[in-house]
Amino acid sequence: MQFSRIAAALGLVLALAVSAVAEKMTAEEQLTRLGEDYLALAFDFDPVFATQMGDHRFDTGYPNFTSGAVNKMVTGLRGLKTKLKKINQSQLSTDAKIDYLLLESNLDTQILLLSNTALYRDNPKLYSEAAINGIYFIMTSQSLPEDERLRLILARLADLPDFLSSVQRQLKNPPQVWVLLAKDEANSAVTFLGELAAYYSARFPDKQKEIDTRFAGASSALQDFADVLSDFAERDGQSFAIGRDTFNRLLKTQYFIDYDVDTLLAIGDSLFEQAQGLYDSLAAVVETLPPIEEMNIFVPATFSRDDILDYFQWEINQTRRWVETHDFATVPADIGDCIPIETPAFLDNIIGGIAYEPPGPFETVQLGRFYVRPLPDSLDEANRSAFFRYCYRRGFRSSVVHEAYPGHHMMIQLANRNTSLIRRIQRNNLFVEGWALYCEEAMYDAGFYGNDPRTLLAIVGGIRFRAGRIILDVKLHTGQMTYQQAVDWMVEKLGASLEYAEKEVNRYTLTPTQPMSYLIGKEQIKQARAAFKQRMGDLYSIKRFHDAMLNEGAIPPSLILRKINEQIL
């Protein structure tokens, strides 16, 4: 009894001491501290996320996605939300008030997703993805020496069997599409680990025994995981749809959108109809143009897959120079490299075309990876001619605008160096995807492509495609459309191939609200541009606007618009 009283008294003293320290901190210092606490909580819950963000102190473990761990995470997030509410917002600067809103959004969004959806509660893809990404993100980090990467990979592989075994206790009735995707990913991961084991064995023969043991154990665990999923694959499973209420709450909480799914769908339908009309008009013009003559050019017999990748890199570098020299935006001289690599096989079932993998904000070496379609190991005569002509006519240019410069790579590189910790960890899709889509049209307007109507037709086709994504996103996740209906719609309305449509819809089922973010984000950025132009008057320039946007970090464009209009209260 006496000990309990002493302990209670000590606890009270410590609490008062902490309170006193908090009182001495400014409101902005308290906000920064809560941002650090949030990140520590998130990294502890999901060490693979920490690796992805470039914090390698957590590289030796896997997440715990059991119900108990998820509930504990939700409790922790709610505790941070309570502390956040105690900060005196009137003492914050405008930018700090935006940081406050961002942190509050992060907390509320994570609580919502962890509590109300199957994305964390009954999702086998969560396990297969973490299993392979936990290794891949270490392997690709350029901030670590190769021997350290191997040490961390071996340590993480040691935890992989226990991590995957927990799925048997967790899965109840997962959506069938997620089961099939996870099983396919697990099988691809076995192949990937075999290749990686051979790579490290050749470089570190003194580690051969440990490499063999760890990689064999991990591969066996992945195969067992795939076998467990086979039992679920024959069932229909629950719906992947998050539902109308959760979708509405995400629009408000994550994106600061003040309308609901019905309005969003109406906007999507309207934008699709507009884009289709413009597309048809441009297509009629293009049909009157003389056909592009077949290029009668010499194709070197030595032209290889390495030459194709070299061309991709050259195009990335050329586009960066164009952005720099044509006053489109400021490109820092020390910006990290962006390199083209072939899409890993384990991502094949959700990436049908090209994609970008950014470096985490805490990586000391900022290297971005531009995923391109896998190339054949050797080129036959027909492939050699087709690829050479593609390079000759610079067919890769439009892809670079979206994924590299001035799109994803440049934007995220700048976001990663933001002075605010809370801003550095933001990856809001309305800005990330909206900016990349915005750049497609803005670069055409700036003269990057010349004035060929064929190019404009392709850009409008991309807008139409993203309008279609709004429709599919809403209808899939509010139960108005099944998986197969969405695939069929893409094939019929967008002219997509069946294989491409299936990969797209696979991803849509796992990422509610992400598909709608491209065109909605672009439209919000255009609204911000109009407001910025009005406010700047004669001082306005497109470069000044782009630099101002990119300086804010990857945050919801609506917050930037509110800042421009001095509406951050």
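Visitor: Is C338 buried or exposed?
Guide: C338 is buried, at 4% relative accessible area. Buried means under 20%, exposed over 50%, partly exposed in between (1.4 Å probe, protein chains only). This is a predicted model: local features need pLDDT of at least 70, side-chain atom pairs 80 or more, while totals for chains, interfaces and linings use all residues. Numbering runs from 1 along each chain as its sequence is written, and side-chain values use heavy atoms, without hydrogens and water.

Visitor: And C391, buried or exposed?
Guide: C391 is buried, at 12%.

Visitor: New topic. What is the volume of the second largest pocket?
Guide: About 610 Å³. Of its 20 lining residues, Y136, M139, F192, E195 and L196 are the closest to the centre. A pocket is an open set of points on a 1 Å grid over the protein atoms alone, with protein on both sides within 12 Å along at least five of seven lines; lining residues have an atom within 4 Å of a point. Volume is the space filled by probe spheres set on the points, joined across faces, edges and corners.

Visitor: Which element gives the most to that lining?
Guide: α10, with seven residues. Helices (H or I, at least four residues) and strands (E, at least two) are DSSP runs, numbered from the N terminus.

Definitions and conventions:
On a 1 Å grid over the protein atoms alone, a cavity is a set of points where a 1.4 Å probe fits but cannot get out, and a pocket is an open set with protein on both sides within 12 Å along at least five of seven lines; lining residues have an atom within 4 Å of a point.
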